[in-house]
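Thanks for coming, everyone. I will take the pocket, then a sheet, then the salt bridges. Please have the model open.

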Amino acid sequence: MRRRRVGLAATVVLGVACGTPPAPVTAPPAGPVVVPIELYHNRVYLPARINASAPVTLVLDNGASVSGVQDAVARALGIRPSRKATLTGNGQSAMSIALADHVTFDVGGAAIREPFVAILPYDEFARHEGRLNAGVLGKDTFARFVVDVDYAAHTLTLRNPATFAYDGSGVVIPLHVRRDATGAWMAARIALPGAGPVDARLGLDMGTYSALRLYTPFVRRRGLLGTRPGAVAAYGFGLGGEFPVRLTRVPSLDIAGLHVDGPVAELSVADSGATARDDVDGTIGGAILRRYRVIVDYAHKRMILEPNAEASMPFAADMSGLVLDAAGPRFSTITVGHVIAASPAIEAGFAVGDQVMSIDDARVDTLGLARVQAMMSRRAAYRVLVARGNSMVELILHTRPIV
């Protein structure tokens, strides 16, 4: 098997270094295609079929320059690898993966026949995400359709760019779309206290959970850690595992006619992985996008945002200092992966390796990781029962803003 090098520019952003992959064959439907979506951890999960399979769930990600199929799903569907590749994701560890030829994704009758896809190991990603998905629907969807995601209505609409005309009142943001449609970025201005505003090239990343993520070269070049001495050491994650960040809250973000107050920013300090690259300065992701109806129109090099009821709400952030992992058949075993320094979790006595059993008598195995994380983003006092070694320990956690 030949080996290719594949770069993951965002959560599942794939770029093949040996040249631009051949274009997919797209079978467009007669009119717009509308499918329901689920919003989970600020990502868009949608129903689809792979090679005429039963319905499965995919993640929508404009940054994925090659669509992907989870390795276990590929085996079950008889999708055979044809060659090897090296994948570099948001995490700091490079991964050896396989590529497979001629796979068809069907979304509500819109069929995209990919010349090749990535076969992706999702186990570690799922441990942080708290659920599995069958794969990722990547850039070819955005190259062939106008992609309309109504986060509030929980719908995805695919439209023909040749006949699409927008007549609404949303904010139109110019996009710089790469020639091979492997990504798009926009000009932005970020307000920083004590340092004045800074200009940035921010990639559009529908496949990531964060609001604003700034990459290591930009953070260092602009001296952002020096301007934000209160930034909190934490961890982001993606394919390839974790990467170190500093969490902070910036006063505002301006992109064309869009003004965003107080988004939480991840300042990457990783030395490897996608967040250490320098072709863009960072990304805006799902925590911002979910506040709008988002129309991505690569054909006309624009994104259109119509605000929904969440647009004026403050940005939530973890108030506990706990970085949690999920495991087990239903991801119902939740353990402490990291405890952030000088946080409420430290004060409460949490330790790495603690298994969280219940919160205020509600069993964690019925709550799930996403609901637990949502609880940890609210100011409250919680009684948390953890298993530590052979003992059960009750801890009192007083959550409070840490960024």
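The largest pocket holds about 1400 Å³ of space. This is a predicted model, so local features need pLDDT of at least 70, side-chain atom pairs count only at pLDDT 80 or more, and totals for chains, interfaces and linings use all residues. Residues are numbered from 1 along each chain as its sequence is written, and side-chain values use heavy atoms, with hydrogens and water left out.

What do I mean by a pocket? On a 1 Å grid over the protein atoms alone, a pocket is an open set of points where a 1.4 Å probe fits, with protein on both sides within 12 Å along at least five of seven lines. Lining residues have an atom within 4 Å of a point. The volume is the space filled by probe spheres set on the points, which are joined across faces, edges and corners.

The largest pocket is lined by 49 residues. His-41, Asn-42, Ala-316, Ala-317 and Ser-377 lie nearest its centre. The elements that give two or more residues to this lining include β5 (38-40), α2 (123-129), β24 and α9 (369-375). Helices here are DSSP runs of H or I, at least four residues, and strands are runs of E, at least two, numbered from the N terminus. Which element gives the largest share of the lining? That is β20, with 5 residues. By type, the lining divides into 29 nonpolar, 11 polar and 9 charged residues. Nonpolar covers Ala, Val, Leu, Ile, Met, Phe, Trp, Tyr, Cys and Pro; charged covers Asp, Glu, Lys and Arg; the others, Gly among them, are polar.

Now the sheet. Six strands form an open sheet in the order β4-β14-β13-β26-β27-β15, with antiparallel pairing. The edge strands are β4 (33-36) and β15, and each pairs on one side only. Pairing needs at least two DSSP bridges between two strands.

Look at β27 (residues 302-307). Strand β26 (residues 292-297) pairs with β27 over 6 bridges, and Asp-297 stands opposite Arg-302. These two strands form a hairpin with 4 residues between them. Lys-301 in that turn has a positive phi of about 50°.

Last, charges. How many salt bridges does the structure hold? There are 24. The criterion is a side-chain nitrogen of Lys or Arg within 4 Å of a carboxyl oxygen of Asp or Glu.

Take Arg-178 and Asp-279, which meet at 2.4 Å, N to O. The two residues are 101 residues apart, Arg-178 in the loop between β16 (176-177) and β17 (184-191), and Asp-279 in the loop between β24 (264-268) and β25 (282-284). Arg-178 is partly exposed at 26% relative accessible area, and Asp-279 is partly exposed at 36%. The cut-offs are under 20% for buried, over 50% for exposed, and partly exposed in between, with a 1.4 Å probe and protein chains only.

Next, Arg-221 and Asp-278 meet at 3.5 Å, N to O. Arg-221 lies in helix α4 (residues 216-221) and Asp-278 in the loop between β24 and β25, so this pair ties together parts 57 residues apart in sequence.

One more pair: Arg-383 and Asp-361, at 2.8 Å, N to O. Arg-383 is partly exposed at 33%, whereas Asp-361 is exposed at 60%. Finally, salt bridges that share partners join Asp-148, Arg-159, Arg-293 and Glu-306 into one network.
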